[in-house]
Structure formats: structure tokens, C-alpha cells
Amino acid sequence: MKIELKPHERLDDLVLDGMKIIQRDDQFCFSLDTVLLAHFGPVPHGPALDLGTGTAAIPLILTSRGAADITGVELNPVMADIARRNAGINGREECIHIIEEDYRRIRSWSASGAYAAVYVNPPYREKARGAVSEAEGIRRARHEETATLTDVMEAARYALKYHGRFRMIHIADRLTDVLAAMRCYGLEPKAVQMIHGRAHKKAKLFLVEGIRGGNPGMSIEPPVIVHDEDGFYSHAVLAMYGKAVCLGTGKEGM
């Protein structure tokens with residue numbers, strides 16, 4: 001299949017199942033945190049929702065793991081177009097559905113409790129914190145300009161069925177904020193997994209799973225170590241791809 005690219009676009013190798021992914025150099029590109037989130041926990045049974053899907057990397061990876069019904073919602077029309085095309089060029093149109101919408105307005109386009117799982121790789125930084133990119137698409141993906149942590153929780157609570165699973169990746173220094181917000185919105189934290197760039201380094205990211213209406217009680221999973229002492233990707237990370245690959249540095253530089 002010949003894939004036509006628009007200005008600023010490039011075609012990257014997603015590695016899994018021979019899939020390809022269109023990305024733009026003036027928009028936010030998926031990185032390792034996306035891959036870690038898509039591999040966190042068992043494959044959802046039933047419809048899943050990806051809030052702020054971007055290039056649709058999370059839905060694509062989930063289909064490679066066996067998921068059959070994933071909806072990706074994306075506010076940015078440029079990225080929504082890319083997400084649809086990525087589903088198409090990989091033959092995933094039947095199981096990946098892209099909605100160009102604002103998940104803060106989820107009540108206008110989705111029924112309550114329609115999803116068994118919700119995934120989100122949200123903007124990590126509050127508006128006034130951290131380095132700010134001049135590129136609007138990248139800035140909005142990194143900073144809470146269009147969606148705050150509260151917006152994420154409200155959308156996830158509405159979307160999830162009772163005992164549905166909420167999965168998110170975030171920066172370690174906002175762990176307290178995230179856990180408090182989850183409990184406030186009835187998404188009881190059940191599992192946390194810290195992500196370390198190297199074994200001797202502090203965690204920069206974490207993965208968390210909550211259950212809507214779940215009982216209190218949380219487990220701390222064994223940590224993910226991204227790089228070995230020689231600087232190569234660890235066996236745990238490589239296992240997510242099935243072979244050695246070279247990726248970008250990611251949002252926070254693991």
C-alpha cells in the first residue's frame with residue numbers, strides 16, 4: 001500500500017505486528033511512556049476508551065495485544081486525522097474508532113458507563129510549570145491548557161462502567177495529586193508501578209490502575225527499569241516489542 005504523507009509528516013515503524021505510524025514533526029509524537037501504558041495490565045475485555053489518543057498509538061498497541069474494540073478521542077483535528085489514517089494503513093478500522101471531540105464534553109457524545117477500560121496519557125505539567133514548547137500541539141500535550149487532572153477524572157468516571165478499569169501514566173512528583181483525585185472521583189487506586197530510567201535512579205514516571213467503585217487496598221507492583229547499566233533498553237522493555245529498537249527520549253527523558 002502506498003501511503004501518502006502531508007507536509008511535516010513522516011512514517012515511523014511501530015515495530016509490533018509490522019505496523020507503521022504517521023507522525024508530524026510539529027505535533028507531539030508518541031514515546032516510551034505510551035508503550036508502557038498500553039502494556040500495563042491485562043488486555044481489556046469489552047470496549048476501551050483512550051482519552052487524547054494523539055496518533056492512536058495506544059489503540060494500535062492494544063490491538064496487537066488482542067483488544068478488539070477501542071475508541072480514541074482527540075480534540076486536535078490534525079491529530080484526529082492522523083489517528084484515523086494510522087488505523088486505516090494498519091488495517092485496524094474495524095476495531096479502532098476515532099472521534100474528533102473534546103473529552104471534557106463527553107456527555108454530548110457518549111453514554112455513561114459505556115466502557116470497560118479507560119486509558120490516558122495526559123498532559124503532565126500544570127500551566128505555569130516546566131519548560132514550555134513554542135509549538136502549540138506539543139505544548140498542549142505536555143501542559144494542562146486544554147484538560148486538567150480534574151477534567152481527566154471527570155471524563156473517566158463518566159465513561160467507565162461500574163468496576164471498570166482506569167489506567168494512566170504520569171510523572172512521579174504528581175503521584176499524590178493523582179491518587180487523591182482518583183479517590184475523590186470514585187476511581188479507587190488498586191495498583192501502582194514506578195518507572196525508573198535506571199535501577200539506581202529515582203523514579204520519574206509511574207503507572208496507576210484504579211477501579212470505579214472498587215474497595216480500598218492498593219498493591220505496589222515491581223518497578224519497571226527502562227535501561228540497564230550499559231544504557232541499553234532492559235529486557236522488560238524489549239519484551240514489549242519482541243526485539244531491540246531505538247526510540248525517542250520521551251516526555252521527561254528516561
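A residue is called buried when its relative accessible area is under 20%, and exposed when that area is over 50%. The exercises below concern a predicted model.

**Exercise 1.** Determine where H196 is placed, whether H196 is buried or exposed, and which backbone atoms lie by its side chain.

*Solution.* 
1. Locate the residue: H196 belongs to strand β8, which covers residues 187-196.
2. Apply the cut-off: the relative accessibility of H196 is 16%, and H196 therefore counts as buried.
3. Examine the side chain: one of its polar atoms lies 2.8 Å from the backbone oxygen of K201.
4. Continue with A203: its backbone nitrogen lies 3.3 Å from a polar atom of the H196 side chain.

**Exercise 2.** State how many residues of helix α2 are buried, name them, and describe the residue G66.

*Solution.* 
1. The buried residues in α2 are A57, I58, P59, L60, I61, L62 and T63.
2. G66 follows α2 and has a positive phi, near 115°.

**Exercise 3.** Identify which residues of the largest nonpolar core touch the most other members, and which elements supply this core.

*Solution.* 
1. The largest nonpolar core has 42 residues, of which L32, L36, I169 and I195 touch the most other members.
2. At least two residues of this core come from each of α1 (32-38), α2, α3 (77-89), β5 (96-100), β6 (115-120), β7 (160-171) and β9 (203-212).
3. A second core, separate and of 29 residues, includes I106, M153, M168 and V192.
4. As general background, nonpolar side chains in soluble globular proteins tend to be buried together.

Note on methods. Residues are numbered from 1 along each chain as its sequence is written. This is a predicted model: local features need pLDDT of at least 70, side-chain atom pairs count only at pLDDT 80 or more; totals for chains, interfaces and linings use all residues. Side-chain values use heavy atoms; hydrogens and water are left out. Helices (H or I, at least four residues) and strands (E, at least two) are DSSP runs, numbered from the N terminus. Buried means under 20% relative accessible area, exposed over 50%, partly exposed in between (1.4 Å probe, protein chains only). A polar contact is a pair of N or O atoms within 3.5 Å; within protein, one must be able to donate a hydrogen and the other to accept it, and residues adjacent in sequence count only if both atoms are side-chain atoms. A nonpolar core is a set of buried Ala, Val, Leu, Ile, Met, Phe, Trp, Tyr and Cys residues joined through side-chain atoms within 4.5 Å.
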